[in-house]
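I opened my notebook and looked up a few things in this model. Here is what I wrote down, entry by entry.

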Amino acid sequence: MKKTNLSDYDPTAVPDGSPYRIGVIAAEWNPEVTDALLQGAVDTLSEHGVKAENLLVRRVPGTFELTSAADMMLGTPNIDAVICIGCVIQGETRHFEFICQAVSQGITNVALKRERPVIFSVLTCDTMQQALDRAGGRHGNKGVEGAITALKMIAYQRSLCE
Ligand code: DLZ
């Protein structure tokens, strides 16, 4: 199967982020992965014009908490989108399944309820190596991709109001 590194994006096709206010929430579990994803997202937003004062970065204990944290953040005024960053590694119990199911469905529900983009930058991997490969390794950085997706989705939403 061909593996595409989606972090190799065309920067000229990305909307200017200077008018946008964006939240980034990262889970504390697996910090060697989530720190790299967070850095990738923040650097990319900054490169595309998002001002430091318009970037709201917060940490939560685990990936499971991302849903409620995104909902709370979007309950405050003037947030255009939230990027949720987490990393769940398959273990010996069924915790993995419950967390992945809850956060993917939860984030979808928050986006629909709040009518704003909520981006799923959550790695769900069998091994730590697979996660590291996607957090700045050979398969790119999914935090970078989350940032690009947020900028494109905000521009999409604004285009509907023009
Ligand atoms: C409990 C748990 C486990 C087993 N594994 C992970 C994980 O791989 N990644 C992650 O982000 N969080 C994990 N957690 C913690 C849950 O996300 C959550 O913080 C707790 O269940 C408390 O609600």
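**Entry 1: a patch on the surface**

I looked for nonpolar surface in this predicted model and found a patch of about 320 Å², made by Met153, Tyr156 and Leu160. Is leucine 160 buried or exposed? Its relative accessibility is 57%, and exposed means over 50%, so leucine 160 counts as exposed.

**Entry 2: threonine 44**

Next I picked threonine 44, which has its place in helix H1, residues 31-47. I looked up its relative accessibility and got 3%. Buried means under 20%, so threonine 44 belongs in that class. Which residues is threonine 44 in contact with, leaving aside its neighbours within four places in sequence? I noted Tyr9, Val144, Ala147 and Ile148.

**Entry 3: around the ligand**

I listed the residues that surround the ligand, among them Trp29, Asn30, Gly62, Thr63, Glu65, Val88, His95 and Ile99.

- For phenylalanine 64, a polar backbone atom is 3.1 Å from an oxygen atom of the ligand.
- For cysteine 87, a polar backbone atom is 2.8 Å from a nitrogen atom of the ligand.
- For isoleucine 89, a polar backbone atom is 3.2 Å from an oxygen atom of the ligand.

How much of the ligand does the protein cover? On its own the ligand has 490 Å² of accessible area, and the protein covers 72% of that.

**Entry 4: salt bridges**

A reminder to myself: side chains of opposite charge can pair when their charged atoms come close. How many salt bridges does the structure hold? I found seven, and I wrote up some of them.

In one of them, the side chains of arginine 114 and aspartate 71 meet, with 3.0 Å from N to O. This pair links distant parts of the chain, 43 residues apart: arginine 114 is in helix H3 (residues 95-114), and aspartate 71 is in helix H2 (residues 66-74). I also compared their cover. Arginine 114 has 26% relative accessibility, so it counts as partly exposed. Aspartate 71, at 18%, counts as buried because the limit is under 20%. Both residues belong to a network of salt bridges that also takes in Lys113.

Arginine 138 pairs with aspartate 133, and their closest N and O atoms are 3.2 Å apart.

Glutamate 97 has 40% relative accessibility and counts as partly exposed.

**Entry 5: back to helix H2**

Aspartate 71 made me curious about its helix. Why is H2 described as largely enclosed by the rest of the structure? Because seven of its nine residues are buried. I wrote them down as Leu66, Thr67, Ala69, Ala70, Asp71, Met73 and Leu74. What covers these buried residues? The cover includes strand S1 (22-27), strand S2 (55-60), strand S3 (81-89) and strand S4 (118-125). H3 is part of the cover too, and H3 is the helix that holds arginine 114, the salt-bridge partner of aspartate 71.

Key
Residues numbered from 1 in each chain as written. Predicted model: local features only at pLDDT ≥ 70, side-chain atom pairs only at ≥ 80, totals over all residues. Heavy atoms only, no water. Patch = residues over 30% accessible without salt bridge, like charges linked within 9 Å, V, L, I, M, F, W, Y side chains within 5 Å. Areas by Shrake-Rupley, 256 points an atom, 1.4 Å probe, with all protein chains shown as cover. Salt bridge = Lys/Arg side-chain N within 4 Å of Asp/Glu carboxyl O. Buried < 20%, exposed > 50% of the residue type's maximum accessible area, 1.4 Å probe, protein only. Helix = DSSP H or I, 4+ residues; strand = E, 2+ residues; numbered from the N terminus. Contact = heavy atoms within 4.5 Å. Near = heavy atom within 4 Å. Polar contact = N/O pair within 3.5 Å; in protein donor to acceptor, adjacent residues only side chain to side chain.
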